[in-house]
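The entries follow in the order in which I made them.

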Amino acid sequence: GSDIEKICEYYHLNQEDIVNFGANVNPIGISTHVKQVLASHLDLLSSYPDRDYQSLRNTVSEYCGVPADYVLPGNGSSELISLLIETRAPKRTLLLGPTYSEYSRELSLSNSKCNEFLLKETDEFILNVDFLCQSLLAGSYVEFAPVIEDVTAVPFTKTFKNLMVLRGVSKFFAAPGVRLGYGITGNMPFLKAMKEKQIPWSLNSLGAFAGELMLKDEEYIRQTRRLILS
């Protein structure tokens, strides 16, 4: 799970000699269609992105089945985790682990008192529901799931105002270098507060356009799901 550059330095290896299993990125690689269209739109680099990313938010809206107003694009899910924690400023937090280390790192910077509840392999990583007095499900990358609609938490954003769902394109769309993520919440005041703290144009023009192409690439999505589900 380490950076491949650090691995090369430590073991004195050449990067091109390594098959990298350190990140669970789609083995198909980035969509050929997306690569071709992006290559013909490099002039976007000469333009500032739309501050509101309206076209991208509309695409996410259609892809996830939520209003575009619910969507906040960002520079990867890592930026959105940082913004969420900074805006919410929790005094105490509970992390279900194993999970992404960026949660604990950002919480440590906010001086939040963080408790961890580590799920056990012997229990098939199922949460002890008595511990939290309610049923919670620990999620995987949802787009790889057999039936997304059965496990996604996105529809709950229409009902619960204390929920934000974060997604990115790194794993399913094999595009970690694009640094595109988006958050979805029905809590408009909270989303507005996060946006006010966000650096303007945090997502570049090419990345925003790439996100639109990826989420609309239905053939690539079908191809990936056929491979992974097999």
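**Entry 1, helix 2.** I looked up what covers the buried residues of helix 2 in this predicted model. The cover includes helix 9. The buried residues I noted in helix 2 are V34, V37 and L38. They lie on the same side of helix 2, because they cover an arc of only 100° around the axis. I recalled that an α-helix has 3.6 residues a turn, so residues three or four places apart point the same way. On the other side of helix 2 I found Q36 and A39 exposed. I also checked the N-terminal end of helix 2, which S31 caps. A side-chain oxygen of S31 lies 3.2 Å from the backbone nitrogen of H33.

I then asked which residues have the most contacts inside the largest nonpolar core. They are F173 and M214, in a core of 32 residues. I listed the elements that give two or more residues to this core: helix 2 (32-39), helix 3 (54-64), strand 5 (181-184), helix 9 (205-216) and helix 10 (218-229). Helix 9 supplies the largest share of this core, 7 residues. A second core is separate and has 7 residues, among them L72, L83, F190 and M194.

Setting aside neighbours within four places in sequence, I find M214 in contact with I30, V34, V169, F173, A175, V178 and I221. One of these, V34, is among the buried residues of helix 2.

I looked up an open sheet of 3 strands, and its order is 1-5-4 with antiparallel pairing. The edge strands are strand 1 (71-74) and strand 4 (165-168), each pairing on one side only. From one strand to the next the twist averages 20°. Between strand 1 and strand 5 I noted 4 bridges in the antiparallel sense. I picked out V71, whose bridge partner in strand 5 is I184.

Which way do strand 2 and strand 3 run? They run parallel, and 6 bridges join them. For L95, I noted E116 as the bridge partner in strand 3. I next checked the side chains along strand 2, which alternate. T93, L95 and G97 point to one face and are buried.

I turned to T87, which lies in helix 4 (residues 76-88). Is T87 buried or exposed? Its relative accessible area is 18%, and buried means under 20%, so T87 counts as buried. The side chain of T87 reaches the backbone oxygen of L83 at 2.7 Å. Not counting residues up to four places away in sequence, T87 touches F190, A193, M194 and K197. Of these, F190 and M194 belong to the second core, which also includes L83.

I looked at A193 separately. A193 is in helix 8 (residues 188-197).

Last, I went through the backbone. The peptide bond from G97 to P98 is cis, with omega near 0°. P98 lies in the loop between strand 2 (92-97) and helix 5 (101-109).

What is phi of H12? I have it near 55°, a positive value in a residue other than glycine. H12 is in the loop between helix 1 (4-11) and helix 2, and H12 is exposed, with a relative accessible area of 73%.

E124 also has a positive phi, about 55°, although it is not a glycine. I located E124 in the loop between strand 3 (113-118) and helix 6 (129-132). At 64% relative accessibility, E124 counts as exposed.

Conventions:
Residues are numbered from 1 along each chain as its sequence is written. This is a predicted model: local features need pLDDT of at least 70, side-chain atom pairs count only at pLDDT 80 or more; totals for chains, interfaces and linings use all residues. Side-chain values use heavy atoms; hydrogens and water are left out. A nonpolar core is a set of buried Ala, Val, Leu, Ile, Met, Phe, Trp, Tyr and Cys residues joined through side-chain atoms within 4.5 Å. Buried means under 20% relative accessible area, exposed over 50%, partly exposed in between (1.4 Å probe, protein chains only). Contact means heavy atoms within 4.5 Å. Two strands pair if DSSP finds at least two bridges between them. Axes are lines fitted to C-alpha atoms, for helices over the stretch in contact, and angles run from 0 to 180 degrees between N-to-C directions. The arc is that of the directions from the helix axis to the C-beta atoms. A polar contact is a pair of N or O atoms within 3.5 Å; within protein, one must be able to donate a hydrogen and the other to accept it, and residues adjacent in sequence count only if both atoms are side-chain atoms.
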